[in-house]
Amino acid sequence: MKLAEDITAGSDIRKKIENMKKKRLVSKKIVALNDFRELKKTMQTRTILVVDDDETIRSALKRMLEHENYRVLLAEDGIALSKILESTRLDLILLDIKLPWVNGYELCRVIKSHHNLKNVPLIFVSACNAQDDIDKGYQSGCDDYVTKPFDIANITAKINTLLIG
């Protein structure tokens, strides 16, 4: 738990320093392109995990979210998800419902019951669009629910709302 607090404190300090640097760059009338590029590289990027068994959906979400400057990790099922969770701190999870072996509802309940993961926002992205499916998603603990096919602006707005506030 101490490590998680240290990581959080470190990221808070980094954010403040990055914001101060950004304000100083913006206040200049002329900014060197290299300074701008360096700032963009050093700005903290949020990590999003996309869990979907459909490679096309995973790739599309990855491209879309990387364009929004998120770091994106991909998993095709619950096993791949668990391997990533062992070594990576996540800021948000996009989770499909229809997955092999263990469905998204079950994974959501496991994630939301884990003491280190319960506060990680989770959005279902699913073709299951009946009201019963959506209700079941919220009952299993998701923070939001997006149906496929999804609108890029809508899903980005939902992600930004959960991550930025």
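Modeller: A residue counts as exposed when its relative accessible area is over 50%, and as buried when that area is under 20%. Partly exposed lies in between. Keep in mind that this model is predicted.

Biologist: Why is Trp101 called exposed?

Modeller: Its relative accessibility is 79%. The cut-off for exposed is over 50%. Therefore Trp101 counts as exposed.

Biologist: Where is Trp101 found?

Modeller: Trp101 is in the loop between strand S3 (92–95) and helix H5 (104–113). Its phi is near 70 degrees, a positive value in a residue other than glycine.

Biologist: Why is Asn69 called partly exposed?

Modeller: Asn69 has a relative accessible area of 42%. Buried needs under 20%, and exposed needs over 50%. The value for Asn69 falls in between, so Asn69 is partly exposed.

Biologist: What is the phi of Asn69?

Modeller: Phi of Asn69 is near 70 degrees, a positive value in a residue that is not glycine. Asn69 sits in the loop between helix H3 (55–67) and strand S2 (71–75).

Biologist: Now Asp91. What makes Asp91 buried?

Modeller: The relative accessible area of Asp91 is 10%. Buried means under 20%. So Asp91 is buried. Asp91 is found in the loop between H4 and S3.

Biologist: How do you know that the side chain of Asp91 makes a polar contact with the side chain of Arg89?

Modeller: The distance is 2.9 Å. A polar contact needs a pair of N or O atoms within 3.5 Å, one able to donate a hydrogen and the other to accept it. The Asp91–Arg89 pair is listed as such a contact. The side chain of Asp91 also reaches the backbone nitrogen of Thr47, at 2.7 Å.

Biologist: Which residues does Asp91 touch, not counting those up to four places away in sequence?

Modeller: Asp91 touches Thr45, Arg46, Thr47, Val120, Pro121 and Leu163, with those sequence neighbours left out.

Biologist: Why is Ser82 called partly exposed?

Modeller: Ser82 has a relative accessible area of 30%. Ser82 belongs to helix H4 (residues 78–87).

Biologist: What lies 2.7 Å from a polar atom of the Ser82 side chain?

Modeller: The backbone oxygen of Ile79 does.

Biologist: Which peptide bond is cis, with omega near -5 degrees?

Modeller: The bond from Lys148 to Pro149. Pro149 is in the loop between strand S5 (144–147) and helix H7 (152–164).

Note on methods:
Residues numbered from 1 in each chain as written. Predicted model: local features only at pLDDT ≥ 70, side-chain atom pairs only at ≥ 80, totals over all residues. Heavy atoms only, no water. Helix = DSSP H or I, 4+ residues; strand = E, 2+ residues; numbered from the N terminus. Buried < 20%, exposed > 50% of the residue type's maximum accessible area, 1.4 Å probe, protein only. Contact = heavy atoms within 4.5 Å.
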